[in-house]
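User: Can you walk me through this one? I'd like the overall picture, then some individual residues.

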Amino acid sequence: MTKKGCIFLISARKKLLKECLFLLNENYNSKFCYPILIFYHGKIYDDHRYRESIRSINNKVEYRFHKLEAKIPTNLKKKDLFWNLKNNTYAKNFRGRIGYLHAISFKTNFINYEQFSEFDYFMVIDDDSCFKGKIEVDLFEELDKNKGLFGTSHMWKNSTERARNTRVNLFNWTKSFIKENKAEVKDKKLRESLNGEVDNKLFHSLEWNSGNCNVFNRKMFDTDSWEKFNKAFNKISGGYRYRWGDCEIFGIYSYIYLKPPIINFNLKSKGLYEPQLPDTEFVLSKREEIIRR
């Protein structure tokens, strides 16, 4: 018996979306028929004919399209956005990609959107997620079997300069949040890293969830700890200021509060999943456009 769950993504790449959802259906969702929620900005998926072509992938699956109104926090100015960070090479090359920053905000705050109120389980993917082999088990069921609230397709770690450039101030913020909320850190490695210097090697060698294929139980979000953590993240606007990703934000939260922190389904090592479809390309904005309230 399937769970009361859904699969969702935020998409800006029309060409990739159809291939992604086709493979998702072929190798996973044709068996479970979970509804798929597709969120987007602008007009890219307003096309009725295109929507019907997506729905034709599986007429037993409900494909829902939801347009988002992109907004940046009112407490931020243009100079506060990620690409204006000084002495940050990656930030300079990121100029104009406001859509990506909006996507980070959505993915870290998805539980606050009314479209998810009817569901108890959630799988979030990207529009270039590659389901390359048959996944025979229900990942929501697997999450429960492993007594977890948060699962992922695979884990990764990266301490390159580029990775560090997207974690500016994350160490300080994490340490400050834990102190202010008197949180007892459950993960030994995170606990030890916070005793070190800023941007220490141990902190940057933490393993992160994939981000492009994660699974959640609603119970994770129905807690005082998540409410405090999410509120603190939104207060600093870490996604817009520093390009902190959902990998790091959900990861830090789980390492502080959850045991087990993250259930690793190991789909990548099993040859069932890849983070990106072949020939995936980034979407670059042609103009620097800031959408304000």
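User: What share of the contacts with a separation of 6 or more comes from residues 24 or more positions apart?
Analyst: In this predicted model, that share is 83% for the protein chain.

User: How many helices and strands are there?
Analyst: The protein chain has twelve helices and eleven strands. Its radius of gyration is 19 Å, close to the 19 Å from the globule rule for 293 residues, so the chain is as compact as a globular protein of that length.

User: What box do the C-alpha atoms fill?
Analyst: Roughly 55 × 45 × 35 Å, along the principal axes.

User: And what percentage of the residues is buried?
Analyst: Buried residues are 55% of the 293.

User: Now the surface. How much of it belongs to carbon and sulfur atoms?
Analyst: Carbon and sulfur atoms hold 47% of the accessible surface, which comes to about 14700 Å².

User: What about charges: how many positive and negative side chains?
Analyst: There are 53 positive and 37 negative side chains. The centres of the two sets lie 4 Å apart.

User: Confidence next. What is the average pLDDT?
Analyst: The average is 93 for the protein chain. At least 70 is reached by 95% of the residues.

User: Where does pLDDT stay under 50?
Analyst: Over residues 282-293. The model has 31 contacts for that stretch beyond four places in sequence.

User: Backbone geometry. Which peptide bond is cis?
Analyst: The bond from K259 to P260, with omega near 0 degrees. P260 is in the loop between α12 (246-257) and β10 (263-264).

User: Why flag that?
Analyst: Most peptide bonds are trans, and most residues other than glycine have a negative phi.

User: Is R243 buried or exposed?
Analyst: R243 counts as buried, because its relative accessibility is 12% and the cut-off for buried is under 20%.

User: And what is the phi of N266?
Analyst: N266 has a positive phi of about 55 degrees, and N266 is not a glycine either. Its loop runs between β10 and β11 (273-274). At 33% relative accessibility, N266 counts as partly exposed.

User: Switching to single residues. Where is Y253?
Analyst: Y253 is in helix α12. With 1% relative accessibility, Y253 is buried.

User: What does Y253 touch, not counting residues up to four places away in sequence?
Analyst: Y253 touches M220, T223, S225, W226, F229 and L258.

User: How far apart are Y253 and H66 in space?
Analyst: They are 28 Å apart, C-alpha to C-alpha. In sequence, Y253 and H66 are 187 residues apart.

User: Next, E207. Which loop is E207 in?
Analyst: The loop between α9 (201-204) and β8 (208-209). E207 is partly exposed, at 38% relative accessibility.

User: Which residues is E207 in contact with, leaving aside neighbours within four places in sequence?
Analyst: E207 is in contact with M155, W156, K157 and Y255.

User: How far is E207 from S176 in space?
Analyst: E207 and S176 are 21 Å apart, C-alpha to C-alpha, and 31 residues apart in sequence.

User: So where is S176 itself?
Analyst: S176 is in helix α7, residues 170-180. At 31% relative accessibility, S176 counts as partly exposed.

User: What separates S176 from F32?
Analyst: Their C-alpha atoms are separated by 42 Å. Along the chain, S176 and F32 are 144 residues apart.

User: Last one. Where does K182 sit?
Analyst: K182 is in the loop between α7 and α8 (188-193).

User: Buried or exposed, that K182?
Analyst: K182 is exposed, because its relative accessible area is 76% and exposed means over 50%.

User: How far apart are K182 and Y273 in space?
Analyst: K182 and Y273 are 38 Å apart, C-alpha to C-alpha. In sequence, K182 and Y273 are 91 residues apart.

Notes. Residues are numbered from 1 along each chain as its sequence is written. This is a predicted model: local features need pLDDT of at least 70, side-chain atom pairs count only at pLDDT 80 or more; totals for chains, interfaces and linings use all residues. Side-chain values use heavy atoms; hydrogens and water are left out. Helices (H or I, at least four residues) and strands (E, at least two) are DSSP runs, numbered from the N terminus. The radius of gyration is taken over C-alpha atoms; the globule rule is 2.2 Å times the number of residues to the power 0.38. Buried means under 20% relative accessible area, exposed over 50%, partly exposed in between (1.4 Å probe, protein chains only). Contact means heavy atoms within 4.5 Å. Accessible areas come from the Shrake-Rupley method with a 1.4 Å probe; for residues, only the protein chains shown count as cover. Lys and Arg count as positive and Asp and Glu as negative; His and the chain ends are not counted. The place of a charge is taken as NZ of Lys, CZ of Arg, CG of Asp or CD of Glu. pLDDT is the predictor's confidence in each residue, from 0 to 100.
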